[in-house]
Amino acid sequence: MTTEGMPLALLLNPHSAHGRALKLLPKVEQELDARRIPFRVERTGGLEDGVERALRALEAGEVPVVCSGDGLVGAVGGAMAGAETPLGIVPGGRGNDLARVLGIPSDPAGAVEVLAAGHSRRIDVGEANGKRFLGIVSVGFDSEANRLANETSFMRGNLVYAYAAIRTLLTWKPGRFTIRAGDERYRFSGYSVSVANNRAFGGGMYIAPDAELDDGEFDIVTVGEAGKLRFVSNLPKVFKGTHVEDDDVRVFRASQLELSASRPFPVYADGEHLTELPAKLRILPRALSVLAPPAAP
């Protein structure tokens with residue numbers, strides 16, 4: 001559908017990334033005014049509040065635009081699955097991984113230019129125990145590190161993810177994971193399972209470098225047992241996606257799966273605590289329309 005002439009509802013989390021979204025707001029407003037695009041701003045009080053405001057905007061004939069990080073983007077995008085009206089994104093968080101992969105610029109002028117162009121593309125939506133996400137489900141080492149990163153308030157920027165990884169590694173003990181996909185069952189001992197709709201998480205870590213947002217499948221990435229020193233030395237590879245070449249990493253695809261583990265790891269997605277194990281996951285093919293530059297051929 002075309003969004004030409006439709007007013008925008010800017011959903012802003014004033015606390016995202018230590019107030020980064022709030023600092024960007026004047027420039028976003030200036031860029032929208034310069035293009036004479038009608039809009040209004042609503043400050044959200046949390047994920048549930050943001051979702052409710054987005055759905056009310058839909059009913060009012062507005063285009064919800066999330067000016068925040070991946071957490072609010074994922075929550076609102078999941079709730080909007082099935083709607084014809086697209087979701088708009090102005091990156092205002094710490095990681096901004098969905099915007100990064102979609103090609104939405106991080107600067108306000110570039111992001112508003114994408115909104116103004118009005119080009120939309122459809123992407124898949126993931127679901128874990130009935131709760132939706134847009135990016136990557138993490139279980140094991142990665143979810144423990146994500147939890148610690150969210151609890152860390154004294155450090156800003158993407159360095160917090162590296163800090164959380166090192167802190168988690170100090171007390172880490174391997175977990176035992178079981179994945180069931182169709183008639184296949186895979187058990188292994190190691191670090192983590194990532195069920196990826198998107199390629200990146202953690203502020204530019206390409207854990208699933210070949211994942212596509214619209215192919216109707218998850219890329220499942222498992223990291224098996226390895227010494228802590230080797231694990232640390234391999235961490236930089238994740239930013240280039242070359243870690244998948246390591247012997248202790250396995251990648252396969254599925255549209256549905258069940259995931260469990262030997263201890264109660266939290267299940268994180270889009271930077272937020274999503275659900276608990278055991279988890280049943282499925283993909284909703286091309287369920288969400290999002291304003292973004294055209295996908296590369």
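Predicted model: local features only at pLDDT ≥ 70, side-chain atom pairs only at ≥ 80, totals over all residues.
Residues are numbered from 1 along each chain as its sequence is written, and side-chain values use heavy atoms, with hydrogens and water left out.

Let us start with the open sheet, where 4 strands are arranged in the order 2-1-3-4 with parallel pairing. Helices and strands here are DSSP runs numbered from the N terminus (H or I with at least four residues for helices, E with at least two for strands), and two strands pair if DSSP finds at least two bridges between them. At the edges sit strand 2 (39-43) and strand 4 (88-91), each pairing on one side only. On average, neighbouring strands of this sheet are turned by 20° against each other, direction ignored. Angles run from 0 to 180 degrees between N-to-C directions, with axes being lines fitted to C-alpha atoms, for helices over the stretch in contact. Within the sheet, 5 bridges link strand 1 (residues 8-12) to strand 3 (residues 63-68) in the parallel sense, and Ala9 stands opposite Pro64 of strand 3.

Two helices lie across these strands. Helix 1 (residues 20-34) lies across strand 1, strand 2, strand 3 and strand 4, at about 165° to strand 1. Helix 2 (residues 47-59) lies across strand 1, strand 2 and strand 3, and runs at about 155° to strand 2.

Next, the interior. A nonpolar core is a set of buried Ala, Val, Leu, Ile, Met, Phe, Trp, Tyr and Cys residues joined through side-chain atoms within 4.5 Å; buried means under 20% relative accessible area, exposed over 50%, and partly exposed in between (1.4 Å probe, protein chains only). The largest such core has 42 residues, of which Val137, Ile220 and Leu281 touch the most other members. Strand 9 (residues 184-196) gives the most to this core, with 5 residues. A second, separate core of 41 residues includes Val63, Val76, Met80 and Leu134.

Helix 6 (residues 141-151) is largely enclosed by the rest of the structure, because 8 of its 11 residues are buried. Among them are Phe141, Asp142 and Glu144.

Glu127 belongs to strand 5 (residues 120-128) and is buried, at 10% relative accessible area. Its side chain makes a polar contact with the side chain of Arg282 at 2.7 Å, and another of 3.4 Å joins it to the side chain of Arg132. Such a contact is a pair of N or O atoms within 3.5 Å; within protein, one must be able to donate a hydrogen and the other to accept it, and residues adjacent in sequence count only if both atoms are side-chain atoms. Asp219, in strand 10 (residues 218-224), counts as buried at 2% relative accessibility. A polar atom of the Asp219 side chain lies 3.4 Å from the backbone nitrogen of Ala211.

We finish at a hairpin. Strand 13 (residues 266-269) and strand 14 (residues 272-276) run antiparallel and are joined by 4 bridges, with Tyr268 partnered by His273. The hairpin has 2 residues between its strands, and Asp270 in the turn has a positive phi of about 55°. Val137 is in contact (heavy atoms within 4.5 Å) with residues including Val267, Tyr268, Ala269 and Leu274.

Note on methods:
Lists of a residue's contacts leave out its neighbours within four places in sequence.
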